[in-house]
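Welcome! Please take a slow look at the sequence and the fold shown below, and then let us walk through them together.

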Amino acid sequence: REREIGIRKVYGASIKHILILLNKEFSLLTMIAVFIAAPLSFWAITQWLDVFAYKIEPSPIVYGVVGFSCLLLVVLVVSIQSYTSASKSPVKSLKSDQ
């Protein structure tokens with residue numbers, strides 16, 4: 001990805017544009033993962049909790065908070081990594097043989 005960022009910078013993309021592009025991509029993947037995992041985990045937790053004597057129901061608010069926390073963490077990590085890569089000189093990223 002560092003090479004891709006370097007090429008985009010050479011073509012005139014700003015750091016802000018690069019951050020938005022990468023955050024949008026990873027945020028979409030995270031939201032898809034949360035929308036797939038939330039119903040499956042809700043079903044699994046409900047099945048597991050049914051065997052106990054004292055019945056409780058898992059709250060959908062917990063799944064919303066966890067999904068939002070995951071999305072926030074992804075945006076934070078991707079922003080930090082993208083900013084460090086976008087702040088470097090594009091010559092260094094395009095010159096390296098990886």
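Is Phe-42 buried, partly exposed or exposed? With a relative accessible area of 32%, Phe-42 is partly exposed. Here buried means under 20% relative accessible area, exposed means over 50%, and partly exposed lies in between (1.4 Å probe, protein chains only). Before going on, keep in mind that this is a predicted model, in which local features need pLDDT of at least 70 and side-chain atom pairs count only at pLDDT 80 or more, while totals for chains, interfaces and linings use all residues. Residues are numbered from 1 along each chain as its sequence is written, and side-chain values use heavy atoms, with hydrogens and water left out.

Let us stay with the aromatic rings. The structure holds two aromatic pairs. Rings of Phe, Tyr and Trp (its six-membered ring) pair if their centres lie within 6.5 Å; planes under 30 degrees apart count as stacked, over 60 as edge-to-face and the rest as tilted. Phe-42 lies in helix α2 (residues 15-49) and Tyr-63 in helix α3 (residues 60-87), so the pair ties together parts that are 21 residues apart in sequence. Helices (H or I, at least four residues) and strands (E, at least two) are DSSP runs, numbered from the N terminus. Tyr-63 is partly exposed, at 22% relative accessibility.

Trp-48 and Phe-52 also form a pair: their ring centres are 5.2 Å apart and their planes stand at 90°, so this pair is edge-to-face. Trp-48 is exposed, with a relative accessible area of 52%, whereas Phe-52 is partly exposed at 39%.

Now let us turn to the inside. The largest nonpolar core has six residues in all: Ile-5, Ala-13, Ile-18, Leu-22, Val-78 and Ala-86. Such a core is a set of buried Ala, Val, Leu, Ile, Met, Phe, Trp, Tyr and Cys residues joined through side-chain atoms within 4.5 Å. The elements that give two or more residues to this core are α2 and α3. What does Leu-22 touch, not counting residues up to four places away in sequence? Leu-22 touches Arg-1, Ile-5, Val-78 and Ser-82, where contact means heavy atoms within 4.5 Å.

Helix α2 also holds Ser-27, which is buried at 11% relative accessibility. Leaving aside neighbours within four places in sequence, Ser-27 is in contact with Leu-71 and Val-75. Thr-46 is in helix α2 too and counts as buried, at 17%. Between Thr-46 and Glu-57, eleven residues apart in sequence, the C-alpha to C-alpha distance is 7.1 Å.

Next, look along helix α3. Gly-64 lies there and is partly exposed at 44% relative accessibility. Gly-64 and Ala-38 are 26 residues apart in sequence and 8.8 Å apart in space, C-alpha to C-alpha. Ser-69 has its place in helix α3 as well, and its relative accessible area of 39% makes it partly exposed. From Ser-69 to Ser-82, 13 residues apart along the chain, the C-alpha atoms are separated by 20 Å.
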